Amino acid sequence: MSDMGKHNLVGPLLNVGVVGCGNINPVYLENIQQNFSNIINLLACSDLSTERAVETANKFGIPKVLQFEELVQDPDIDLVLNLANPSAHAYINLSALESGKHVYSEKPLAIEFKDGQKIIDTANSNNLMVGCAPDTVLSDGIQTCKRIIEAGIIGKPVSAIACFGSHGVERWHPNPEFYYKNGGGPMFDIGPYYLSTLVNLIGPVKRVTGSHMSAFPQRIGKNTKIDVEVSTHAVGILDFESGAIGNITTSFDMWGPTKDLREHTKKYIDIYGTEGTIILPDPVHLGGQINLLTRGTDNEMEWNEIVLEREQVPEVRGIGLIEMAWSIRQNRNCRVNGDVANHVLEIMHAIHTSSDTGRHIDLETTCLKPATVPQGLPWGTFDQ
């Protein structure tokens, strides 16, 4: 990211314009209003449905309801929070950056990799910052795992296995269609959580090999039939720049062996090092626990559960926007930054391209491994 000294905030708070008032919107806005009104001011909102935008404005006390073109041109808005459907991410992100606004986007950064790269290039050219979900990498659980790995407790990471397997979203989601259209599918919907976590803990990837397929041409939702237009089962092999090798499976075609509130789902990340193993908590919904395998007092390998410093916050959506707001104040790059998101976007495309072409894919992008949040800070703060 370029130097941001040329971009000054309009007022004492970071004024945010929200684009997209759908299902994910309340999770973000409730967290922001309840916990972070000292840094974020929700100034305006916009949605394709004016009625839905008005409802959101009334619920959260947002003073302006604007058309999208009005929102990105509003001189009082510093940052656009993009919560629209993935198909609109690239257009919204680029329009905001070209209008001089910072951008924080829901994942993925864009559907097409060329658009993701254009977003990064536009931000750099305009001395602006791009942040992108998932921000679950900032949770206490993932950051604790990051500190354990960086302390060398499991030695040098050698391998990683990541898996999310379910039988689709149509059994519970009120609007499941877009999950099976261009930009959807398990890799582009769920993959960013797992890949962002692996990049944060192990570092960037240099080469990808993959396979993908779809088991069912049609999905049956509540009172609807959905024609499947994307792959619903994708597997990738990841060669990390560090020398570690990982694999990732994301699937809407699997009946998992474990049960949650929505459906049978299999989800985990294991990282294997030269001196031990760490099993991470769920990077999507933040459930589960940290288990660590290391040598004990008798030089025998022993499993131990790692107790976090505090009870894990169950829902952190929006914490990445807060970290980004403080980063803008401090003129440093945010941890959930566009370079990581664009690298993850390329990895996801490379898995599919590798399968389609029958070859390894050497990646064009790389990124820095984001800085670890120091231990012992109050929740919602990120630096000493």
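Modeller: A residue is called buried when its relative accessible area is under 20%, exposed when that area is over 50%, and partly exposed in between, with a 1.4 Å probe and protein chains only. This is a predicted model, in which local features need pLDDT of at least 70 and side-chain atom pairs count only at pLDDT 80 or more, while totals for chains, interfaces and linings use all residues. Residues are numbered from 1 along each chain as its sequence is written, and side-chain values use heavy atoms, with hydrogens and water left out.

Biologist: Is N127 buried or exposed?
Modeller: N127 belongs to the loop between α5 and β6, where helices (H or I, at least four residues) and strands (E, at least two) are DSSP runs numbered from the N terminus. Its relative accessible area is 14%, and because this is under 20%, N127 counts as buried.

Biologist: Against which elements do the buried residues of α5 pack?
Modeller: The helix α5 has 13 residues and reaches 18 Å from its first C-alpha to its last, close to the expected 18 Å, a span defined as 1.5 Å times one less than the number of residues. Its buried residues include F113, I119 and A123. By contact, meaning heavy atoms within 4.5 Å, these buried residues pack against α4 (89–98), β6 and α10 (338–357).

Biologist: Where is P108 found?
Modeller: Most peptide bonds are trans. The bond from K107 to P108 is cis, with omega near -10°. P108 is placed in the loop between β5 (102–105) and α5 (113–125).

Biologist: What is omega for the cis peptide bond that joins A133 and P134?
Modeller: P134 lies in the loop between β6 (130–132) and α6 (140–150). The cis bond joining A133 to P134 has an omega of about 10°.

Biologist: How far apart in space are D253 and H233, C-alpha to C-alpha?
Modeller: D253 sits in the loop between β12 (245–251) and β13 (266–273). The two residues are 20 residues apart in sequence. From C-alpha to C-alpha, D253 and H233 are separated by 6.3 Å.

Biologist: A polar contact of 3.1 Å joins the side chain of D253 to which residue?
Modeller: D253 is buried, because its relative accessibility is 15%. A polar contact is a pair of N or O atoms within 3.5 Å; within protein, one must be able to donate a hydrogen and the other to accept it, and residues adjacent in sequence count only if both atoms are side-chain atoms. At 3.1 Å, the side chain of D253 makes this contact with that of R219.
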